[in-house]
Amino acid sequence: MKKECDICFHACRLDEGEIGFCRARGNEDGEIHCLNYGQLTALALDPIEKKPLNRFYPGSRILSVGSYGCNLRCPFCQNHEISMMGEERPETESESSGQRVHGGRSQETGGVVQEYFSPEDLVALALRLRQQGNIGIAYTYNEPLISYEYVYDCARLAHEAGLKNVLVTNGTVNEAPRQRLLPYIDALNIDLKGIRPEYYRLLGGSLEVVKRTIEVMTGCCHVEITTLIVPGQNDTEQEMRELASYLAGIDPDLPLHVSRFFPRYHMQDTEATPVRTIYRLAEVAREYLRYVYEGNC
């Protein structure tokens with residue numbers, strides 16, 4: 001019997017044993033389950049500015065966690081090693097620029113290391129790291145909201161413990177789960193990958209869903225936006241004017257991070273975005289927005 005996943009706009013209808021488009025949710029025993037619940041592939045104590053959040057507790061650190069899977073198919077994905085993992089469980093790893101932290105239970109199956117953290121484990125670790133400047137938990141690296149049940153359970157416990165919760169997300173989440181999670185979220189960085197619907201269709205996404213997430217969350221909690229500038233895809237001044245104008249119509253104080261692309265995944269033959277392009281587009285954005293930051297330069 002098919003069951004429909006209600007987390008994102010893909011609305012995958014899955015038979016018993018099938019896995020959804022995101023590769024992290026599936027039909028088990030006639031119900032949709034979060035298959036990557038607690039299975040962390042990345043765990044690091046990062047500067048908050050790395051999320052990037054430049055106007056939310058600047059100078060602090062945050063425990064950053066990620067799993068595997070994604071509900072988009074960006075050919076330029078900067079974290080494709082974990083976001084595009086299939087049914088197999090990926091090897092646990094952390095970013096070299098972050099401070100590695102420990103505390104979960106590991107096991108090795110077929111040469112693949114899995115590190116499981118229950119919500120209680122994760123919140124306890126975040127609390128221990130307060131002495132190192134940690135303010136909470138950031139759900140990041142892959143798309144966190146495909147692990148909705150895990151993020152919800154962790155965020156609720158963290159909120160009760162006085163910790164901050166941060167989402168780094170592509171924004172493609174349905175209304176009901178977003179509203180249920182909202183009381184526990186303090187800040188988001190939302191990827192706005194471009195302003196053209198056809199560009200989002202190329203990535204397997206929906207511009208309207210992302211715009212709705214930005215519009216709803218702005219005013220409810222702290223929001224910053226990141227746009228990755230990919231050569232030949234979304235790097236014109238006209239597109240940046242449209243994007244920045246749209247954001248300014250919501251709130252001219254919305255921070256925007258104009259980020260540089262580096263060759264990754266299926267676009268390894270594409271040159272990195274020229275630094276001058278990032279600075280030029282950031283200047284265009286400043287005609288509309290008060291806070292614009294150049295990233296990855």
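The structure is a predicted model, in which local features need pLDDT of at least 70 and side-chain atom pairs count only at pLDDT 80 or more, while totals for chains, interfaces and linings use all residues. Residues are numbered from 1 along each chain as its sequence is written, and side-chain values use heavy atoms, with hydrogens and water left out.

K51 and D46 are also partners in a salt bridge, with their closest N and O atoms 2.9 Å apart. A salt bridge is a side-chain nitrogen of Lys or Arg within 4 Å of a carboxyl oxygen of Asp or Glu. In total, the structure holds 18 salt bridges. Three of them are listed here.

| Salt bridge | Distance between closest N and O atoms |
|---|---|
| K51 and D46 | 2.9 Å |
| R156 and E160 | 3.6 Å |
| E175 and R178 | 2.3 Å |

Helices (H or I, at least four residues) and strands (E, at least two) are DSSP runs, numbered from the N terminus. R156 has a relative accessible area of 27%, so this residue is partly exposed. E160 counts as exposed because its relative accessibility is 56%.

E175 and R178 share helix 4 and are 3 residues apart, again about one turn of the helix. Helix 4 covers residues 175-181. Is R178 buried or exposed? With a relative accessibility of 6%, R178 counts as buried. E175 reaches 35% and therefore counts as partly exposed.

Most residues other than glycine have a negative phi, and most peptide bonds are trans. The bond between K51 and P52 is a cis peptide bond, with omega about -10°. P52 lies in the loop that connects strand 6 (42-47) and strand 7 (61-66). This proline has a relative accessibility of 18%, so P52 counts as buried. P52 and A158 are 106 residues apart along the chain, and 21 Å separates their C-alpha atoms.

Where is Y57 found? Y57 is in the loop between strand 6 and strand 7. Phi of Y57 is near 50°, which is a positive value in a residue other than glycine. Y57 counts as partly exposed because its relative accessibility is 43%.

Another residue other than glycine with a positive phi is Y141, where the value is near 75°. Y141 sits in the loop between strand 11 (134-139) and helix 3 (148-160). At 9% relative accessibility, Y141 counts as buried.

E28 belongs to strand 3, made of residues 25-28. Its relative accessibility is 39%, so E28 counts as partly exposed.

Notes. Buried means under 20% relative accessible area, exposed over 50%, partly exposed in between (1.4 Å probe, protein chains only).
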